[in-house]
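This report concerns selected helix contacts and local backbone features of one protein model. The sequence and the structure are shown below.

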Amino acid sequence: MSTPLATLAKGAAAPPPAEPPLRIVPTRRAGQWTAAGAVIVLVALGLVSIVRNEAFQWDVVAQYFTSASVLRGLGLTLWLTALVMVLGFALGTLLAVLRLSANPVLRWVSWGYIWFFRSTPILVQLLFWFNIGMLYPQILGVSTVNLLGPVAVAVVGLTLHEAAYAAEVVRGGILSVDRGQIEAAESLGLGRWRRLSRIVLPQAMRAIVPPAGNMLIGTLKGTSIVSVIAVQDLLYSTQLVYHRTYEVIPLLLVATLWYVAVTSVLGVGQYYVERHYARGTGGAR
């Protein structure tokens, strides 16, 4: 004898068959692939034209790329870049601290320095320092006519110029640190210098490193301007050669390739420095 439940089960309709899962079809982007292919073709044609164009004189480029005069100029460029960045950021950090000081006199002095050196072209500054003897023949009884040589003028002029920009980079980094961190350090009784060196600057480096890396690369390329005061940097060294051989294009290519190589290495270094300071913040890539 069948139970009511069994009868109900026999009379119930069979469940509908399960529908197959929906197939996701990616959007076709024929236009994007066509554009990408066209760009690749154009880039390839450009590279081929550069390599096969005899006017570039690649044999001359290879001849002078590692010549002694070019390498000496490259060494001076690297030395000048490193020295200017170290001195510029040291002075820029001091200016940034003064700009954030509670003393209005120090704030205005710092602001005035930054305003002046950011408002005048670097070439004008270098020419003024190069001709300082015409403006002030003597300072404290010391003759200034031959006081500064071309290299010293380049160091002084570039450092004072870079310090103005470095000050704003450091100031922006300091302002990016949460105010609560500073108040916590104050509550622990840390002095102003220890707060700055132990608490503020390490956290500010996350905001300082990217623009500082751009400044470093810009300074490396910007040192080429010292060739106008006869400093034998990389560009001036190549100019001396092509003034003698009249092979202008290949010698300019030598300088260009060295600048590209060094800036590429600096870019890789900047990437790893940024990763170091971004640890624990989720910003490391």
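In which helix is Thr-159 found? Thr-159 is found in helix H8 of what is a predicted model.

**Thr-159 and its surroundings**

Thr-159 has a relative accessibility of 9% and therefore counts as buried, since the cut-off for that class is under 20%. Its side chain reaches the backbone oxygen of Val-155 at a distance of 2.6 Å. When neighbours within four places in sequence are left aside, Thr-159 is in contact with Val-84, Leu-87 and Gly-88.

**Helix H6 against helix H8**

Helix H8 spans residues 150-175, and its axis comes within 9 Å of that of helix H6, residues 122-130. The two axes cross at roughly 135°, which makes H6 oblique to H8. The crossing of this pair is right-handed. On the H6 side, the contact is made by Ile-122, Gln-125, Leu-126, Trp-129 and Phe-130. H8 contributes Pro-150, Val-153, Ala-154, Val-156, Gly-157, Leu-158, Leu-160 and His-161. Sorted by class, the contact of H6 with H8 has 10 nonpolar and three polar residues, with no charged residues.

**Helix H9 against helix H10**

Helix H9 (residues 179-187) packs with helix H10 (residues 192-222) at an angle of about 160°, and their axes are 10 Å apart. H9 and H10 are therefore roughly antiparallel to each other, because angles over 145 degrees fall in that class. Their crossing is right-handed. From H9, the residues Gln-181, Ile-182, Ala-185 and Glu-186 meet Arg-195, Ile-199, Val-200 and Gln-203 of H10. By class, this contact of H9 with H10 has four nonpolar, two polar and two charged residues.

**Positive phi values in loops**

Most residues other than glycine have a negative phi.

| Residue | Phi |
|---|---|
| Gln-57 | near 55° |
| Ala-230 | near 65° |

Gln-57 lies in the loop between helix H2 (30-52) and helix H3 (58-65). With a relative accessibility of 27%, Gln-57 counts as partly exposed. Where does Ala-230 lie? Ala-230 is placed in the loop between H10 and helix H11 (234-245). At 40% relative accessibility, Ala-230 counts as partly exposed.

Note on methods
Residues numbered from 1 in each chain as written. Predicted model: local features only at pLDDT ≥ 70, side-chain atom pairs only at ≥ 80, totals over all residues. Heavy atoms only, no water. Axes fitted to C-alpha atoms, helices over the stretch in contact; angles between N-to-C directions. Helix = DSSP H or I, 4+ residues; strand = E, 2+ residues; numbered from the N terminus. Parallel < 35°, antiparallel > 145°, perpendicular 65-115°, else oblique. Left-handed = near helix turned anticlockwise from the far one by under 90°. Contact = heavy atoms within 4.5 Å. Nonpolar A, V, L, I, M, F, W, Y, C, P; charged D, E, K, R; others polar. Buried < 20%, exposed > 50% of the residue type's maximum accessible area, 1.4 Å probe, protein only. Polar contact = N/O pair within 3.5 Å; in protein donor to acceptor, adjacent residues only side chain to side chain.
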